[in-house]
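User: I am new to this structure. Please take me through it in short questions and answers.

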Amino acid sequence: MSYIGDNGFYGGFVDARLASGVGQMGCATMYLIVLGVLLLVMKLADFGPVGVWSWWVILAPFGAAVVWWAWADATGWTKRRE
């Protein structure tokens, strides 16, 4: 595939907001989701000290992401960033 257009293949962005850096609100929530997924996989695999941690600690990043989304929407922070 050697197509390099404006539709997302090999470096072109579909959404101009992604290219300009606008919409950074999603970055914080994405980090929380990635952290939650990593902790969940480590817990299920019983890997390292994470295997003995409480489920509340493992699922906390997902709850924090929901709280972040709710706060950002309620305060209008997402609209100001657009």
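## Lysine 43 and the rest of the chain

User: Lys43 is buried; which side chain of opposite charge is nearest to Lys43, and how far away is that side chain?

Analyst: This is a predicted model. In it, Lys43 is buried and has no salt bridge. A salt bridge needs a side-chain nitrogen of Lys or Arg within 4 Å of a carboxyl oxygen of Asp or Glu. The nearest side chain of opposite charge is Asp46, at 6.4 Å.

User: Where is Lys43 found, and with which residues is Lys43 in contact, leaving aside neighbours within four places in sequence?

Analyst: Lys43 is found in helix H2. Neighbours within four places in sequence are left aside here. The contacts of Lys43 are then Val50, Gly51, Val52, Trp53, Trp55 and Ile58.

User: Is Asp46 buried or exposed?

Analyst: Asp46 is found in the loop between helix H2 (25-44) and helix H3 (55-75). Its relative accessibility is 54%. The cut-off for exposed is over 50%. Asp46 therefore counts as exposed.

User: What is the phi of Asp46?

Analyst: Most residues other than glycine have a negative phi. Asp46 is a residue other than glycine, yet its phi is positive. The value is near 55°.

User: How many helices and strands does the chain have, and what pattern does the chain follow?

Analyst: The secondary structure comes to four helices and zero strands. Read along the sequence, the pattern is α-α-α-α.

User: Where in the chain is confidence lowest, and where is confidence highest?

Analyst: The chain averages a pLDDT of 77, and 65% of the residues score at least 70. Confidence is lowest in helix H1 (residues 16-20), at a mean of 48. Over residues 18-23 the pLDDT is below 50, and this stretch has six contacts in the model beyond near neighbours in sequence. Confidence is highest in H3, at 92.

User: Is Gly36 buried or exposed, and what is the relative accessible area of Gly36?

Analyst: Gly36 lies in helix H2. Buried means under 20% relative accessible area. Gly36 is therefore buried, with a value of 0%.

User: Which residues are in contact with Gly36, leaving aside neighbours within four places in sequence?

Analyst: The C-alpha atoms of Gly36 and Leu59 are separated by 6.4 Å. Along the chain, these two residues are 23 residues apart. With neighbours within four places left aside, the contacts of Gly36 are Ile58, Pro61 and Phe62.

User: How far apart in space are Leu59 and Leu40, C-alpha to C-alpha?

Analyst: Leu59 has its place in helix H3. Leu59 is partly exposed, with a relative accessible area of 42%. In sequence, Leu59 and Leu40 are 19 residues apart. In space, C-alpha to C-alpha, they are 7.5 Å apart.

User: What separates the C-alpha atoms of Ala28 and Trp68?

Analyst: Ala28 has its place in helix H2. At 30% relative accessibility, Ala28 counts as partly exposed. Ala28 and Trp68 are 40 residues apart along the chain. Their C-alpha atoms are separated by 8.3 Å.

User: What separates the C-alpha atoms of Val67 and Thr29?

Analyst: Val67 lies in helix H3. At 57% relative accessibility, Val67 counts as exposed. Val67 and Thr29 are 38 residues apart along the chain. The C-alpha separation is 9.5 Å.

User: Which residues make the nonpolar surface patch?

Analyst: The accessible surface of the chain comes to about 6,100 Å², and 71% of that belongs to carbon and sulfur atoms. The nonpolar patch covers about 280 Å². One of its residues, Met30, is placed in helix H2. The patch is made by Met30, Val34 and Leu38.

User: Among contacts between residues at least 6 apart in sequence, what share joins residues at least 24 apart?

Analyst: The chain has 82 residues, and 18% of them count as buried. Take the contacts between residues at least 6 apart in sequence. The share that joins residues at least 24 apart is 44%.

Terms used: Residues numbered from 1 in each chain as written. Predicted model: local features only at pLDDT ≥ 70, side-chain atom pairs only at ≥ 80, totals over all residues. Heavy atoms only, no water. Helix = DSSP H or I, 4+ residues; strand = E, 2+ residues; numbered from the N terminus. Buried < 20%, exposed > 50% of the residue type's maximum accessible area, 1.4 Å probe, protein only. Lys, Arg positive; Asp, Glu negative; His and termini not counted. Contact = heavy atoms within 4.5 Å. pLDDT = per-residue confidence, 0-100. Patch = residues over 30% accessible without salt bridge, like charges linked within 9 Å, V, L, I, M, F, W, Y side chains within 5 Å. Areas by Shrake-Rupley, 256 points an atom, 1.4 Å probe, with all protein chains shown as cover.
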